[in-house]
Amino acid sequence: MKKLLFLAVLMITGSLFAQDFEINGTIVDPEGEALESATVYIENPSDSSLVNYTISEKNGYFELSGKLNTDKMHFIVSYAGFAPYDRVLEVKPKMNLGKISMEIQDNTLDEVLIEGTRVPVTIKKDTLEFNAASFKTRDNANLEEVLKELPGVEVSSDGEITVNGTPVSQIKVNGKEFFGDDPKIATKNLPKELLNKIQVVDTKTKSEEFTGKEGASDDKTINITIDEDKNKGFFSRLTAGAGTDDRYELSGIGNYFKNDMRVSLLGSSNNINSSGFTFDEVYDAMGRNAYSISRNQNGNFSINGNSFGGGNGITRSDNAGLSFVNEWPQKTELSANYFYNRADNRTASNTERENILPNRRYYNISESNGTRLNDNHRFNISFEIQPDTLTRISVRPNIVANSGRSHNSSVTESVEDEGTPINRAATENYSEIQSMNFSNNVFFTRKFGDKGGYYNVGVGNQNNKQNQDNTFYSEREIYDEQGQLIETDIQDQLISEDNRNDSYNLNSSIRLPLTKKIMFDVSYRYEQGEETNERLVYDANTDGEYSVLNDELSNDFRSTSYNHRSSAGLVYNSEKFRASISGGYQSLRLQNQDLFTETSIDNTYDNIFTSAYLRYEIGQGKNFYASYSNSWQTPSISQLQPVINTIDPLNIIKGNPDLSPSLNHRIYANYNDYDFKTRSGFYAYFGGNWTKDQVVTRTSVDEDLVRTTTYINLDGAYNYFGGFNLDKTLELENENSLKIKGGVYGNYNRNIGFSNEEQYYSKRLSLNPSMSLEYNIGDLFRIEPFYNPQFNTAEYSLGNGREENFVTHNASLSLTSFWPERVIFGSDITYTKVGNAAPGFQDSFYLWNASLGYEILGEDGVLKLKVFDLLNQNVATQRYTGEDFIQDTQELVLEQYFMLSFTYKFSEFGGKDPNKNKSF
């Protein structure tokens with residue numbers, strides 16, 4: 001309460017004595033040439049706090065405005081390679097500084113900082129750098145909260161990060177991965193006190209970083225640097241919670257670091273569909289955003305390759321992880337990660353499906369239940385050494401071990417329009433699975449010359465094996481036209497399946513500089529693989545023993561591939577413009593043999609492929625990117641196997657050994673523009689893909705409505721998408737702010753296939769406008785409304801042609817409060833209305849999550865009361881519309897629970913506890 005009263009008094013007095021100012025000028029070098037992207041900022045001389053900042057335009061011009069409650073201002077200009085311009089000026093309403101000439105630094109550095117000051121933003125070459133301390137957040141903030149304050153950086157409700165519209169694919173700490181490949185582990189757990197610089201760079205592989213090769217990806221990487229005096233210590237967090245309906249959560253993460261060494265340990269256990277790793281300051285493992293949960297109604301997700309939620313249902317998960325990173329002389333780096341996950345998943349669903357044939361319609365009504373217990377171990381190592389400045393050697397082995405068992409049961413009825421039964425199938429399936437995957441890549445890279453030349457050679461392997469035993473039982477009933485039972489088929493089988501896939505590759509590439517800006521790239525890759533699939537089906541004998549081999553349903557399939565791929569291309573790289581064009585030749589030989597049917601295939605496919613991209617830096621904060629590529633994809637072994645699969649007795653699948661590879665074309669372009677002066681951004685994008693010889697399904701349905709599916713090649717499928725986003729941040733009085741974001745996403749696709757020998761197509765168009773606001777009252781309150789209607793229209797050729805038009809509405813309101821002092825309150829409510837749900841399925845619901853916490857033990861401990869689904873309305877209703885079906889599904893979801901939890905954090909950086917001097 002005292003803090004709020006103090007702030008109120010401060011706001012009133014500050015408003016009475018604050019002076020408005022506007023300042024402008026032009027930044028030039030000693031020759032009078034304009035300097036674009038110079039950082040211009042103003043600090044309050046009394047406490048060195050940041051007042052405002054901007055970036056100079058292409059002609060060197062800048063404008064700054066704001067308020068100061070002093071009669072002096074600290075005016076600073078910073079530009080890489082030049083000595084800082086530092087002046088104390090008298091505050092006036094209008095100030096024109098004319099041309100400001102920067103002086104070249106005697107000892108030129110990539111970046112120049114003024115001792116005792118904080119350059120908020122620095123732009124240099126391909127790097128956008130923020131000073132974390134320049135952006136105000138609450139004292140106990142984490143990396144995610146700091147990112148939300150950075151200009152041009154957006155963090156969505158589900159933790160996805162974009163910079164000026166471009167997605168961020170990974171986060172590093174001091175140039176090294178932070179606990180695997182999931183950025184949210186870093187954003188949710190790194191405390192602000194640890195952060196120094198936040199650098200945004202183009203995403204590159206380790207080899208590209210070493211050679212200086214431009215990254216072809218349009219993604220971004222965020223690198224966090226830590227102050228040298230803080231780069232020794234630890235930070236950790238422990239959380240325990242218990243709730244109604246036996247819900248619970250346990251989680252912890254600990255990080256110890258000392259210079260180049262870092263050790264991280266994490267673990268969690270819960271039954272609320274959470275990993276426990278991506279801890280939220282307000283909602284803990286329950287998750288902050290109701291909207292993201294409703295969009296993925298079952299809360300499923302994956303981290304570092306581990307799936308949580310099992311696709312649907314309710315999951316209890318136990319997780320543990322260990323990460324070690326260190327660096328020694330000769331740039332010797334070792335990174336090792338181990339993850340363990342046990343997922344105990346329970347599912348249930350009700351489904352109604354309308355099947356559309358060229359000359360009739362019928363309906364499936366089904367209920368299913370399932371349980372699955374799965375253990376997953378993942379271990380990977382990255383070892384790198386640079387014996388000298390020109391040579392790099394890397395080794396990256398990876399092991400994944402998996403074991404699990406499951407039980408699934410289902411009952412499906414097929415009926416006519418008026419309800420007359422056609423058939424009925426009841427199934428029980430018990431399955432046990434074991435798998436082991438090992439891969440390794442070794443690379444040798446050597447640089448030569450002084451213009452960016454290099455060559456590299458690499459070898460790799462991937463060895464996967466999987467063993468699975470299914471005990472399968474089904475009863476299928478067939479009815480006549482009057483609905484009378486006329487036939488019952490029983491299937492009681494043991495299905496033993498062994499899969500093995502071994503592949504080995506050799507690849508090499510060389511870059512030859514033709515000029516300082518033009519490079520010639522040549523590469524070659526050879527890969528040989530062998531895949532075996534032995535599927536033995538045993539029928540039960542009269543004694544119930546599985547001893548009768550079913551030759552018709554069994555197979556012993558072997559596939560060997562020989563893949564030669566060579567390419568050559570030109571790369572142009574200048575300060576503003578980057579482009580690449582390349583092409584190549586691919587020769588793929590596939591040998592397939594089925595020992596049961598004594599059939600074999602030996603085909604060779606010769607293909608030409610191309611790719612190209614360009615990136616143009618139009619000006620400060622403005623750039624354009626475009627790319628095109630094509631690729632060949634061979635059919636999977638399951639699509640090629642000429643073997644009948646009858647695990648679902650109403651849906652029989654058989655492969656086609658005569659399939660050809662598919663040629664896929666992809667285009668993509670984007671434009672982004674961020675104006676630091678107005679704190680506004682614009683991002684637009686367009687993309688598409690189309691496929692020649694796409695592998696599609698070909699189905700036929702017999703008079704008993706048993707569906708048989710195989711595969712063929714077909715042309716005519718394509719997909720196009722595009723959209724734009726606008727955002728603007730308004731800095732209001734008294735440190736308040738308003739962020740406005742809106743945009744539209746659109747998607748249009750055409751799919752094709754065959755049903756009962758009749759070719760069909762479907763066309764779908766989806767438009768998704770969205771609008772969101774974020775209003776911050778200092779660092780005490782945050783209000784976030786969001787609205788997203790989804791307009792959908794579809795056209796289907798089957799069933800004498802039909803159309804579908806509907807609108808789904810999603811709206812949410814999030815409130816977060818850090819007032820009164822030591823109190824943390826969060827409320828997140830979402831409303832969803834499904835526009836095309838079938839009768840009998842709930843088409844709208846509210847999902848409301850809330851949390852109330854109180855800080856104890858200074859700011860180290862937080863006691864919280866949380867509730868998931870406060871109104872007890874959460875459902876998982878979905879409609880899937882396909883070319884020849886309309887399906888409505890309602891699934892088991894996590895329902896309402898209340899939970900009391902306690903979180904304790906303890907940290908020490910550079911020998912100091914960051915919370916030691918904070919009030920109790």
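What radius of gyration would a compact globule with 920 residues have, and what does the protein chain have? The globule would come to a value near 29 Å, and the protein chain has 31 Å, which agrees. Here the radius of gyration is taken over C-alpha atoms, and the globule rule is 2.2 Å times the number of residues to the power 0.38. Along the principal axes, the C-alpha trace of the protein chain spans about 100 × 65 × 55 Å.

The structure is a predicted model, in which local features need pLDDT of at least 70 and side-chain atom pairs count only at pLDDT 80 or more, while totals for chains, interfaces and linings use all residues. Residues are numbered from 1 along each chain as its sequence is written, and side-chain values use heavy atoms, with hydrogens and water left out.

The predictor's confidence in each residue is given by pLDDT, on a scale from 0 to 100. For the protein chain the average pLDDT is 87, and 92% of the residues score at least 70. Two stretches deserve a word of caution. Over residues 9-15 the pLDDT stays under 50, and the model has two contacts (heavy atoms within 4.5 Å) for this stretch beyond four places in sequence. Residues 108-116 also have a pLDDT below 50, but with 22 contacts in the model beyond near neighbours in sequence. Where pLDDT is low, the predicted coordinates should not be read in detail.

Turning to the chain as a whole, buried residues (under 20% relative accessible area, with exposed meaning over 50% and partly exposed in between, for a 1.4 Å probe and protein chains only) make up 48% of the 920 residues. The accessible surface comes to about 42200 Å², of which 52% belongs to carbon and sulfur atoms; this area is from the Shrake-Rupley method with a 1.4 Å probe, and for residues only the protein chains shown count as cover. Among contacts between residues at least 6 apart in sequence, 65% join residues at least 24 apart.

The secondary structure comprises six helices and 50 strands. These elements are DSSP runs numbered from the N terminus, with helices (H or I) of at least four residues and strands (E) of at least two. Two strands are taken to pair if DSSP finds at least two bridges between them.

Strand 1 (residues 19-28) pairs with strand 4 in the antiparallel sense over eight bridges, and Gln 19 has Leu 68 in strand 4 as its bridge partner.

The other open sheet holds four strands in the order 3-2-5-6, with antiparallel pairing. Strand 3 (50-55) and strand 6 (85-90) are its edge strands, each pairing on one side only. On average, neighbouring strands of this sheet are turned by 20° against each other, direction ignored. Strand 5 (residues 72-78) runs antiparallel to strand 6 and is joined to it by six bridges. Within strand 6, Arg 87 stands opposite Phe 75.

Strand 22 (residues 332-356) pairs with strand 23 in the antiparallel sense over 24 bridges, and a hairpin of four residues joins the two. Glu 352 stands opposite Ile 365 in strand 23. Strand 23 (residues 361-388) is in turn joined by 22 bridges to strand 24 (residues 391-415), and the two run antiparallel. Two residues lie between the strands of this hairpin. Ile 385 has Ile 393 in strand 24 as its bridge partner, and Tyr 363 stands opposite Val 415 in that strand.

Strand 24 also runs antiparallel to strand 25 (residues 421-448), with 25 bridges joining them. Asn 402 is paired with Ser 435 in strand 25 as its bridge partner. The hairpin of strand 24 and strand 25 has five residues between the strands, and there Gly 419 takes a positive phi near 105°.

Phe 179 lies between strand 13 (176-177) and helix 3 (183-189). Phe 179 is buried, with a relative accessible area of 1%. Although 84 residues separate Phe 179 from Val 263 in sequence, the two are 9.2 Å apart in space, C-alpha to C-alpha.

Terms used: Axes are lines fitted to C-alpha atoms, for helices over the stretch in contact, and angles run from 0 to 180 degrees between N-to-C directions.
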